[in-house]
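Have a look at the fold before reading on.

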Amino acid sequence: MRSSDRFKYKIQTATVTEKLIAINVLVFILFFLLRTIAYLFQLPSDFLLEWFVFPKEPMEFLLKPWSIITYSFLHSGIWHILSNMLILYFSGIYFLNYFSAKRLLNYYFLGVIIGALVYMLSYNLFPAFQGTGRSYLMGASAGVMAVLIGIATHIPNMRVRLMLIGSIKFWWIAAFLVVLDIIQIPMGNAGGHLAHLGGAGLGYLYTNQLRKGNDIGKWFENLMDSLASVFKPREKKARMKTVHRTGKTAKTQTRSNNAKSNFNKDEKQKKVDAILDKISKSGYESLSKAEKDFLFQAGKED
């Protein structure tokens, strides 16, 4: 297999979490290069950046409404992006075992949006922030927290194994990060920590509403599907050959195909249920590579 084919295959088989991580890393590298060029030629380094970060001022936001999404793909440094992407990768593995890729995007981007709005409201309502100069929000933390808290709310008692710590319950990790954000509000970067809490609140609310049968993010999923359909190229319909067969033969073939399809679906569902039972008892790490691959493919086909 050629390197180009191998690269295409990796893109096609990558999970939505891995694609989000790749986009964040590529954007980080791009802006790092732009800053380097600006430094070498003595140009304003943050001129382009200011058009994509999220402002605390409502009037400034109205001039660049796209910033409520674009800010989440910008990071201030290596540690900032590294910590966010590690948590996203970790929580995404578990999330995709229970929910679809589209729902992960719902959690992620709605967390980003709510986090930005909480940041803006906080800086314009709380007296502690009065007199603050220009302030901007950047980073994927609100979206990452939405995904993490969302799946932790769904499987709070599942045990996960962490290096140097051992096996702990999922909700302990989520609770630790939420408490850490609350504690750090007076210490610095208050707006960032408030945005994290906004994303975390969205994740908790979303999962609780799903338990009641309400998908509060369905509107966002429909919006994304509509936008995607606009840019999706229309497929040319292949010309069909006319095949003549007796009515009896056609009906027999149809019944046979339906029977095979139902049998395969039942067998597949039984295997998926068995793997999910194994996860709930022993954790995701207990799965073999073959079981992980099967679960991943089943999720994509659904």
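Predicted model: local features only at pLDDT ≥ 70, side-chain atom pairs only at ≥ 80, totals over all residues.

Residues are numbered from 1 along each chain as its sequence is written, and side-chain values use heavy atoms, with hydrogens and water left out.

**Overall**
- The protein has 12 helices and four strands, taken as DSSP runs numbered from the N terminus (helices H or I, at least four residues; strands E, at least two).
- Of its 302 residues, 35% count as buried, meaning under 20% relative accessible area with a 1.4 Å probe, protein chains only.
- Among contacts (heavy atoms within 4.5 Å) with a separation of 6 or more, 68% are between residues 24 or more positions apart.

**α6 against α9**
- Helix α6 (residues 101-125) and helix α9 (residues 190-211) pack at about 135°, with axes 7 Å apart; axes are lines fitted to C-alpha atoms over the stretch in contact, and angles run from 0 to 180 degrees between N-to-C directions.
- That makes α6 and α9 oblique to each other, the class left over once angles under 35 degrees (roughly parallel), over 145 (roughly antiparallel) and 65 to 115 (roughly perpendicular) are taken out.
- On the α6 side the contact includes Leu110, Gly111, Ile114 and Gly115, and on the α9 side Gly198, Gly199, Leu202 and Gly203 are among the residues involved.
- By class, this contact has 12 nonpolar, nine polar and one charged residue, with Ala, Val, Leu, Ile, Met, Phe, Trp, Tyr, Cys and Pro counted as nonpolar, Asp, Glu, Lys and Arg as charged, and the others, Gly among them, as polar.
- α9 itself is mostly covered, with 16 of its 22 residues buried.

**α6 against α10**
- α6 also packs on helix α10 (residues 218-231), at about 105° and with axes 9 Å apart, so α6 and α10 are roughly perpendicular.
- Trp219, Phe220, Glu221 and Asp225 are the α10 residues in the contact, facing α6 residues that include Leu105 and Phe109.
- Six nonpolar, one polar and three charged residues make up the contact of α6 with α10.

**Leu148**
- Leu148 sits in helix α7 (residues 141-154) and counts as buried because its relative accessibility is 1%.
- Beyond neighbours within four places in sequence, Leu148 is in contact with Ile87, Phe90, Ser91, Phe170 and Leu177.

Technical notes:
Buried < 20%, exposed > 50% of the residue type's maximum accessible area, 1.4 Å probe, protein only.
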